[in-house]
Number of protein chains: 2
Amino acid sequence: MEAKLLLQDHIAKTASITDEQFDYVYSHFKPLFFKKGQTIIISGDKVDCEYFVVSGCLKAFFINDEIKMYILQFAMPTWWTSDYSALYNQTKATINIDCITDAEVLCLSNDDREKLCKEFHQVEHFFRWRTNKGYIASQKRLLSFMNNNVKIRYEELLALYPQLYNLVPKHLIAAYLGVSRETLSRLYASH
Amino acid sequence: MEAKLLLQDHIAKTASITDEQFDYVYSHFKPLFFKKGQTIIISGDKVDCEYFVVSGCLKAFFINDEIKMYILQFAMPTWWTSDYSALYNQTKATINIDCITDAEVLCLSNDDREKLCKEFHQVEHFFRWRTNKGYIASQKRLLSFMNNNVKIRYEELLALYPQLYNLVPKHLIAAYLGVSRETLSRLYASH
């Protein structure tokens, strides 16, 4: 689906805005095209934008002191991603975002989001619900991580992103689950 | 501070609403008083409300299959808490919330929050920012949990809730950090 239609359809699920209003809203988004492996945000960067994924798959991740990678989020079409802590608090990025596949995204600056939210109650409504969903997903992931049952976490991951199984290298799935590749192989074998 | 003034002051930090508007908004909140140890939400319950803490300290927690308790959040004055996944998705609670101390809270129903957000753009603005902050705190906690450095997690906790050190039994702090009481004792000793 064309980027503009995909975004319009996505917003329309939560908020009522007219075609004219949407044209205006859309004029604040900037389409960007990335190649597989390209980096969008690097830890330490200033963060000005958030990204709506049109096609492809991104990963938000960080590398700890022992050079071990943890994946915070996979971002697929219609998902939003950024380092929101850095974006809202105007601090440096503490995570990285790069492309697992070629990807098209729509970039919206922090200033433009705030401007649009102020101009249109319905846009503010949309972003409140978008953030609610992100908050709930994040709490669920935290609970899941604490509970530490790898098998359940693996099944939740496949339920959340059914496409992932074929799309993403297994070592990245292991990095999302916080387990070794060997542990993951045993789970695949029993699936 | 009186409950009404505390909430008005809290909302005024993010949104501009007149005294008359606030009186109307406040009329949708129900003050509730709990004793230490009382339960507000039990896993399996229907969840209709969220809670703004006026005084005291609550904990949101769950018990895993091995009967081990994990604390998802401590909620102190001006913090909001609920099982947001259950509240927004109209599913049964998967966590519990109870009172570490005697507590006063203001209860707002899901329906009333949505009504107020629809009636006042500024109320929608407030709740978008409130949720943003929750989302960012949740992501930060997830990163911190993944990174698995207990000493840093302990220091982050004390920076976030300086009052906690004296207020909360040590086994609850251990349950928040996801470590044993023995590990926590070593951290206290080195602090």
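E119(B) counts as partly exposed, at 38% relative accessibility, where partly exposed lies between buried (under 20% relative accessible area) and exposed (over 50%), computed with a 1.4 Å probe on protein chains only. The model is predicted, so that local features need pLDDT of at least 70 and side-chain atom pairs count only at pLDDT 80 or more, while totals for chains, interfaces and linings use all residues. Residues are numbered from 1 along each chain as its sequence is written, chains are lettered from A in the order in which they are written, and side-chain values use heavy atoms, with hydrogens and water left out.

E119(B) forms a salt bridge with K115(B), with the closest N and O atoms 3.7 Å apart; a salt bridge is a side-chain nitrogen of Lys or Arg within 4 Å of a carboxyl oxygen of Asp or Glu. K115(B) is partly exposed too, with a relative accessible area of 31%. Helices (H or I, at least four residues) and strands (E, at least two) are DSSP runs, numbered from the N terminus. An α-helix has 3.6 residues a turn, so residues three or four places apart point the same way.

K151(A) has a relative accessible area of 42%, and E155(A) has 36% relative accessibility. Over all chains, a search of the whole structure finds 24 salt bridges.

Chain B can be laid on chain A by a turn of 180 degrees and a shift of 0.0 Å along the axis, with an RMSD of 0.0 Å; the superposition is by least squares on the C-alpha atoms of residues with pLDDT of at least 70 in both copies. The two copies are thus related as by a two-fold rotation axis. The same surface serves both, and 100% of the contact residues of chain B recur in chain A, contact meaning heavy atoms within 4.5 Å.

In the interface, 38 residues of chain B are in contact with 38 residues of chain A. The buried area is about 3,700 Å², of which carbon and sulfur atoms give 65%; buried area is the accessible area (1.4 Å probe) that two parts lose on being put together, summed over both. In chain B, R128(B), Y135(B) and M146(B) lose the most area to chain A, together 20% of what that side buries. The rule finds 4 salt bridges across the interface. R128(B) and E114(A) meet in a salt bridge of 2.9 Å, N to O. Elements of chain B that each supply at least two residues to the side touching chain A are β5 (69–75), α3 (84–89), α4 (110–119) and α5 (121–147). Of these, α5(B) gives the most, with 19 residues. R128(B) also belongs to a network of salt bridges with E50(A), R113(A), E114(A), E124(A) and R130(A).

Away from these pairs, helix α8 (residues 170–177) of chain B is mostly covered, with 6 of its 8 residues buried. The buried residues are L172(B), I173(B), A174(B), A175(B), Y176(B) and L177(B). After α8(B) comes G178(B), whose phi is positive, near 75 degrees.
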